[in-house]
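Colleague: I have the model open here, could you walk me through it?
Modeller: Gladly, just ask as you go.

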Amino acid sequence: MSGKYFLATFGCQMNVYDSNLLGGMLEKRGMQNTSDPESADVLIVNTCSIRGGAEDRAYARIAAMKYYKRRNPDVRIAVIGCMAQNHGEKIPVELDHVDYVVGPDNYRGLENLLFEKKPKVTRVLTEQNAFENYPGVMARLDSAVSCHITIMRGCNKRCTYCIVPTVRGVERSREADDIVAEVERAVSEGVREVSLLGQTVNSYRTEKDSFASLLRRLDTVSGLQRIRFMSPHPRHFDMETIRAMAESEKVCNHVHMPVQSGSDAMLKKMRRQYTRARFLEIIRELRAVMPNVGLSTDIIAGFVGETESDFGETLSLVEEVGFDSAYLFAYSPREGTPAFAEPETLTAQEKQERLERLIALQMGITEKKLDAMVGRTEEILIEDKSSRDATEWMGKTDCFKKVILPDAPGMAKGALVRAEIIARSGITLRGRVTST
Ligand code: 5AD
Ligand code: SF4
């Protein structure tokens, strides 16, 4: 197999990183990436299973790829990622133009299949491998300024609503030396900010390193300006991590920590391993050492058994914490999870109605938090030209807020500038550069 590959990615940043891993493998074999599916020899769809909607979107995309196979029967189509793992054999039955179905532990196997001389029709590779960390594979870089690097794969939690442990398997951490080397390589190619990824990123642990010690090691990488990570699990958010964050120069002033619910009854039912009080305590500990820490979270509305009073606890937690932003979801039952066996207690409409109340509440808080930034001077890492207006630049503050800045001498991708925040428009801030 030579020529070009096209890769469409659904789902979270870990999938984006996996697409870059596979891209790295294929490019090492001489293939080239293309954004034009018409000209590709291999079409790959990296899929997500987290909610029903994510699977529907992936299926629609896979179905649409039949067109390319009809035009060119030699084109190979691979479905990879979490939904490939989740549905395995079922995918090719429904979509017979798919050649390969490959789960997250089998990208080396896909590489082998693609470079075999005589491919058979459909191959399903979904055997899980608790040790597969892809050592030695060079992931492609996804951006010149900011890149995501997976530091641990899989998840050892068993949150009762979640399909991730089933499809991504058990937790395994990469060697810190490999991570540091990957970050150094990225920096040498122009990257200034790295986001460390893992399902429960702060449970990262190897024989020699903890999450906190990894942060401290990465803090010494010269040329790197910012370190972010997601998503930490409250169960593992200890003082050692908070101290490492506060004491390191590069770790950003932002924590995205999923809370899922404000009700102890729901947290227990979700098997989250912390209480509302403990979550709030972590927030207090964080704010005690980082007073302006940006906070964001994930919340599920309408889980099985959630009463109006449980939901009220979520609303009150959202108000009490004052998150800068939040990803908010209606509960989506996933076959294969412990909660799937339990009949839902709310209709789709009721879940949607709760979700909308939550969104409205959070939107008001988000706007208030952004308004409070007006007048402040912030350090902003310029990521790119603004997507709306090419005469302007887009960058982010340390606390993860998007800021639009007019062009000025010294402005460029990767520049770290100081700017005064002058206004909010929607959920974006506008600024005035004070020094470059
Ligand atoms: N339904 C709705 N949201 C879910 N999430 C995970 N599983 C489900 C589900 N079954 C959300 C959680 C998680 C985020 C990535 O997706 O909030 O933190
Ligand atoms: Fe899913 Fe819970 Fe693991 Fe997150 S911690 S991936 S929500 S099981």
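Colleague: How much space lies in the largest cavity?
Modeller: About 50 Å³ of space lies in the largest cavity, where a cavity is, on a 1 Å grid over the protein atoms alone, a set of points where a 1.4 Å probe fits but cannot get out, and lining residues have an atom within 4 Å of a point. Grid points are joined across faces, edges and corners, and a volume is the space filled by probe spheres set on the points. This is a predicted model, in which local features need pLDDT of at least 70 and side-chain atom pairs count only at pLDDT 80 or more, while totals for chains, interfaces and linings use all residues. Residues are numbered from 1 along each chain as its sequence is written, chains are lettered from A and ligands numbered from 1 in the order in which they are written, and side-chain values use heavy atoms, with hydrogens and water left out.

Colleague: How many cavities of 30 Å³ or more does the count come to?
Modeller: The count comes to 1 cavity of 30 Å³ or more.

Colleague: And which residues line the largest cavity?
Modeller: The lining consists of Tyr17, Asn20, Ala139, Arg140, Leu141, Asp142, Cys147, His148, Ile149, Glu182 and Arg185. Two or more of the lining residues come from each of α1 (13–28), β7 (146–150) and α8 (176–188), where helices (H or I, at least four residues) and strands (E, at least two) are DSSP runs numbered from the N terminus. β7 gives the most, with 3 residues.

Colleague: Switching to ligand 1, what surrounds it?
Modeller: Ligand 1 has around it Ile50, Arg51, Tyr161, Gln260, Asp298, Ile300, Phe329, Ala330, Tyr331, Ser332 and Arg334, a residue being near if one of its heavy atoms lies within 4 Å. At least two residues of this shell are supplied by each of β13 (294–301) and β14 (325–330). The shell divides into 6 nonpolar, 2 polar and 3 charged residues, with Ala, Val, Leu, Ile, Met, Phe, Trp, Tyr, Cys and Pro counted as nonpolar, Asp, Glu, Lys and Arg as charged, and the others, Gly among them, as polar.

Colleague: Which side chains have an N or O atom by an oxygen atom of ligand 1?
Modeller: Among them are glutamine 260, with a side-chain N or O atom 2.6 Å from a ligand oxygen, and aspartate 298, where the distance is 2.7 Å. Arginine 51 also has a polar side-chain atom 2.9 Å from an oxygen atom of ligand 1.

Colleague: Where is glutamine 260, by the way?
Modeller: Glutamine 260 is in the loop between β12 (254–256) and α11 (264–269), and its phi is near 75 degrees, a positive value in a residue other than glycine.

Colleague: What about ligand 2, which residues are around that one?
Modeller: Around ligand 2 are Cys155, Lys157, Cys159, Tyr161, Cys162, Val164, Pro165, Gln199, Thr200, His233 and Arg272. By class, this shell has 6 nonpolar, 3 polar and 2 charged residues.

Colleague: New topic: how many salt bridges are there?
Modeller: The count comes to 36 salt bridges, each being a side-chain nitrogen of Lys or Arg within 4 Å of a carboxyl oxygen of Asp or Glu. One of them joins the side chains of arginine 217 and aspartate 177, at 2.8 Å from N to O. Arginine 217 lies in helix α9 (residues 211–219) and aspartate 177 in helix α8, so this pair ties together parts that are 40 residues apart in sequence.

Colleague: Last one, which peptide bond is cis?
Modeller: The bond from methionine 230 to serine 231 is cis, with omega near -5 degrees. Serine 231 sits in the loop between β11 (226–230) and α10 (239–247).

Notes
A polar contact is a pair of N or O atoms within 3.5 Å; within protein, one must be able to donate a hydrogen and the other to accept it, and residues adjacent in sequence count only if both atoms are side-chain atoms. On a 1 Å grid over the protein atoms alone, a cavity is a set of points where a 1.4 Å probe fits but cannot get out, and a pocket is an open set with protein on both sides within 12 Å along at least five of seven lines; lining residues have an atom within 4 Å of a point.
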